[in-house]
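Let's learn to read a protein model together, one feature at a time. Take a look at the structure first.

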Amino acid sequence: MSCVLLLGLRRPRLLGAAARPPRWSRRRSAGCEPPAGAAVRIGCASGFWGDTAAAVPQLLYGGKLDFLVFDYLSEITMSLLTAAKARSPVLGYTPDFVSTAMAPYIKDIHRKGVRVISNAGGINPLACAAALQEVAKKADVDLKIAVVAGDDLMSEKENLKGAGITDLESGKQFPESVHSMNVYLGARPISRALDLGADIVVTGRCVDSGIVLGPLIHSFGWNRDEFDLLAAGSLAGHLIECGAQCTGGIFTDWHAVPDWHNIGFPIVECSSEGDFILSKPPDTGGLISFGTVAEQLVYELGNPQRYLLPDVTCDFSKVSITEIPGFDGGAVKVHGAKGSPPSTFYKVNATYLDGFRATAVCPVGGPKAVQKGKRTAESILQRTRLIFSQLGYEDYSAVNIQVLGSEDTYGPHARRNIDGGPREAVIWLAVHHKQKEAVEIFSREIAPAGTGMAPGLTGIVGGCPRVSPVLKPFFFYYPKSNVQINLFLNGQHVETFEEDLTFTSDEVVSFDPPEISSELKDLPSGPHTYRLEDLAYTRSGDKGNSANIGVIARHPLYYPYLKKTLTAQALENYFQHLLEQENPEEELVTRYELPGIHGLNFVLKNSLGGGGIASLRSDPQGKALGQMLLDFQIKNVPDLKSLIE
């Protein structure tokens, strides 16, 4: 078996009727080849900071894993961790990973030989590893804990100020006061840490899919120019990085998903050829189907033909998802990712301080609840503005009033109730101001509304609004050659990782927009109207101040009608009330096609009120946009349901 150490090379328990390749895991030395036909099983136990503690035992004891991965980081999380480290130099990582995910199970993780990869290090990965080392020491287990460091660019802050850098989204100049700067590192440093024998790898900021691609590169020895394989591994990571979102969580057909309380977390079983099966542990809730996985494929996606990652540029437009019968809880085979060379640049997420914010959330009951809520919010703003003028403060930089229950977020598509509207509603009142003291005044003036304004105001959710800093994101590209990546093992520096730029390219490949084929022009019409939900699944997500909405046809025969009706202009018109147009000539919605899953992907620019913690909206990440689109009317079509009967 050459120099390969096989850990449990055996036929795994079959979840369905079809046999699968044997599992394989190893601590690989450079140059070793994997055994033919071996498969690697990777489970993801966390999709964000705060995910359920039930995932780890489920995957550890029922998943027959080689690797267990945890994804904790988002742009919002990085902002929160940056603020935490500002309070104390030993903070800045996600403590849940150490105390909740690892500490109770670390002995069994060690005993089973499951290797762990996590980006829980946030902006302080060395502190995270040190805390984890203490847990291992108390449990009396000998684990090699590696750290991938080098994503922090704060030491380059002064050099970058005069370099003419602009934000990738807004085009704004590099901010004067930068709070944090972190590179999205790739999978190769993770792979190298595993090559060096690490049992646990802790990273700072890296691309989410890298925590899956890293162990696959390590296991199969995929080369830097095997772009299709790297794209396939990145797709596996993209699908499972958000945990239960691909196993029935937030699925359009939520009513068809059983046992949310015990929802299964995802497992990918990957071959060295790049094909993989996505499943979940036996005896768990949730659902794996074409629909649940296709929805996750389009989640937080931009151009599916040019999905930029540090290790590969991916084309997911022709990916196919096929349900496999006979698997407990469902399983799908995923195939068809294509890759091309990555660029010579990393993407960087910087944050900068831009004032302070607070949000008041207050339930109100009784007749005319919406009107009472709106008048209460407006009166609080009037009172605080009067105080500001007396004290010499400027006006708010921004305010947002919503009355949840009145369908404010639907704009012109709201359904207006008769007889005065709902008798229960919730005031959402958020403000932004350059001065912390002004926001503190706002926070103090919420409670008096309970005695001096509308009847039926029942309280303040969470107590008086918390005043917090607004850390806005700023994205730009930075040369890979300027980034020094250091690997640590059990607290000691062991290697400076050298990024090989041999197989990179900064040539932008242009993709002609799909032409409207004669097939679409000649589609038969008819007297029928369908809600989009009758014909498609949807899912939405965010990137900065942009949102995306993926739409997947429930049947291939519906796809031409979706392509004809759901144009970029149609969606721009539908969501006009949420889009902020800075340039009159600017097109705010772009449409992309994914014929492999009979899907469309729409990117809505400037649609989130700043996005993340900079947004004052109740949906700062666009989570509900896909749900809102389900009511879109597909008109003047034939009886489409009869086409598939």
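Predicted model: local features only at pLDDT ≥ 70, side-chain atom pairs only at ≥ 80, totals over all residues.

Q: Is helix α8 buried or exposed?
A: Start with the terms: buried means under 20% relative accessible area, exposed means over 50%, and partly exposed is in between (1.4 Å probe, protein chains only). Helices (H or I, at least four residues) and strands (E, at least two) are DSSP runs, numbered from the N terminus. In helix α8 (residues 210–220), 11 of the 11 residues are buried, so the rest of the structure largely encloses it.

Q: What covers the buried residues of α8?
A: Here we look for contacts, meaning heavy atoms within 4.5 Å. The cover of α8 includes the strands β1 (39–44), β2 (67–70), β3 (115–118) and β7 (267–271), along with the helices α7 (188–195) and α9 (227–240). Just after α8, Gly221 has a positive phi of about 65°.

Q: Where does Pro104 lie, and is Pro104 buried or exposed?
A: Pro104 sits in the loop between α3 (95–102) and α4 (106–112). Pro104 counts as exposed because its relative accessibility is 52%.

Q: Which residues does Ser406 touch?
A: Leaving out residues up to four places away in sequence, Ser406 touches Val370, Ala414 and Arg416. Its place is the loop between β15 (398–404) and β16 (424–433), and at 9% relative accessibility Ser406 counts as buried.

Q: What polar contact joins the side chains of Ser406 and Asp408?
A: A polar contact is a pair of N or O atoms within 3.5 Å; within protein, one must be able to donate a hydrogen and the other to accept it, and residues adjacent in sequence count only if both atoms are side-chain atoms. The one between the side chains of Ser406 and Asp408 is 3.0 Å. A polar atom of the Ser406 side chain also lies 2.6 Å from the backbone oxygen of Val403.

Q: How many disulfides does the structure hold?
A: A disulfide is a pair of cysteine sulfur atoms within 2.5 Å. The structure holds 0 disulfides. The sulfur of Cys242 is 7.9 Å from the closest cysteine sulfur, in Cys44, which is too far for a bond.

How values were computed
Residues numbered from 1 in each chain as written. Heavy atoms only, no water.
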